[in-house]
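Keep the picture open while you read, and look up each residue as it comes along.

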Amino acid sequence: MTETGLKRALAALSRALTAVGAPFMIIGGIAVVARGVPRHTDDVDATVWGPGLDLEVLHRQLAAEELVFRIDDGLAFAEQNQILLLIHAPSKVEIDLSLAWLPFEETALKRAPRERLRGIVVPVARAEDIVIYKALAWRDRDRSDIVQLMALHRDDIDLERVLGVVTQLADAMELSERARELTRLLRPGQS
């Protein structure tokens, strides 16, 4: 994916979500890069506040920006799974837009600073909140991102808050071991 493609997709997403008027922020790989971790990403991950959001209206705004579903029955899938699987048609950049409902996400959205990413000013999750999202996803790339974010932002991350939120969410997701795995990753020898 080209840098220009990512910029165009990010700009289109920002315009669509701004038009809808719901709080949103960039999460995932682009947010990790924005927080100083050098790494490659080909897609855009974002989240938008779900309560009060009309998915039909959102869908129309996204379509107006050439952001279309990359699966059949994308709206039904979004209603069931709380994520819109999109592609920016002109650039072919894939976008995962999750619907945020949790108190943790509401707080993260409220405190996300606006940053310039690829020339586009958008709200970007703070390092602390990215660590929480990454701890729940827990793929190899996510664990690597966590380690690197902690190395760069340790003084700005409330580790007790991170572990508390991850414990609460992991328990709700029936991933009770996750908080212990995160503790082992961040504090080797202390689990």
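Let's start with a pair of side chains: R111 and D129 meet in a salt bridge, with 3.0 Å from N to O. By salt bridge we mean a side-chain nitrogen of Lys or Arg within 4 Å of a carboxyl oxygen of Asp or Glu. R111 lies in helix 5 and D129 in helix 6, so this pair ties together parts that are 18 residues apart in sequence. Helices here are DSSP runs of H or I with at least four residues, strands are runs of E with at least two, and both are numbered from the N terminus.

Before going on, a word on the ground rules. This is a predicted model, so local features need pLDDT of at least 70 and side-chain atom pairs count only at pLDDT 80 or more, while totals for chains, interfaces and linings use all residues. Residues are numbered from 1 along each chain as its sequence is written, and side-chain values use heavy atoms, with hydrogens and water left out.

How many salt bridges does a search of the whole structure find? It finds 17. Side chains of opposite charge can pair when their charged atoms come close.

| Pair | Closest N and O atoms | Setting |
|---|---|---|
| K134 and D142 | 3.1 Å | K134 buried, D142 buried |
| R180 and E177 | 2.8 Å | R180 partly exposed, E177 partly exposed |

For the R180 pair, the relative accessibility is 39% for R180 and 30% for E177. K134 and D142 also belong to a network of salt bridges that links them with R39, R139 and D145.

**A look along helix 8**

Next stop: helix 8, which covers residues 159-172. (The expected span is 1.5 Å times one less than the number of residues.)

Which residues of helix 8 are buried? They are L159, V162, L163, V165, V166, L169 and A170. These cover an arc of only 165° around the axis, which puts them on the same side of helix 8. The arc is that of the directions from the helix axis to the C-beta atoms. On the other side of helix 8, E160, Q168 and A172 are exposed.

What do the buried residues pack against? Their partners are helix 5 (103-111), helix 6 (127-137), helix 7 (140-153) and helix 9 (178-186). Contact here means heavy atoms within 4.5 Å.

The ends of helix 8 are worth a peek too. At its start, a side-chain oxygen of D158 reaches to within 3.2 Å of the backbone nitrogen of E160. Just after helix 8, E174 takes a positive phi of about 60°.

**The greasy middle**

The largest nonpolar core has 65 residues. A nonpolar core is a set of buried Ala, Val, Leu, Ile, Met, Phe, Trp, Tyr and Cys residues joined through side-chain atoms within 4.5 Å. Those with the most contacts inside this core are L13, I26, V44, L62, L84, L97 and L182. Helix 1 (residues 3-20) gives the largest share, 8 residues.

Take L62: leaving aside residues up to four places away in sequence, L62 touches L13, A16, L67, L84, L86 and L97. Helix 1 also holds S14, which is buried with a relative accessible area of 10%. With the sequence neighbours up to four places away left out, S14 touches F24, I120, V121 and V122.

**Loops to find**

P51 sits in the loop between strand 2 (44-49) and helix 3 (55-64), and is partly exposed at 37% relative accessible area. P51 and W101 are 50 residues apart in sequence, yet 6.6 Å apart in space, C-alpha to C-alpha.

K92, in the loop between strand 4 (83-88) and strand 5 (93-100), has a positive phi of about 70° although it is not a glycine. K92 is exposed, with a relative accessible area of 53%.

Terms used
Buried < 20%, exposed > 50% of the residue type's maximum accessible area, 1.4 Å probe, protein only. Polar contact = N/O pair within 3.5 Å; in protein donor to acceptor, adjacent residues only side chain to side chain.
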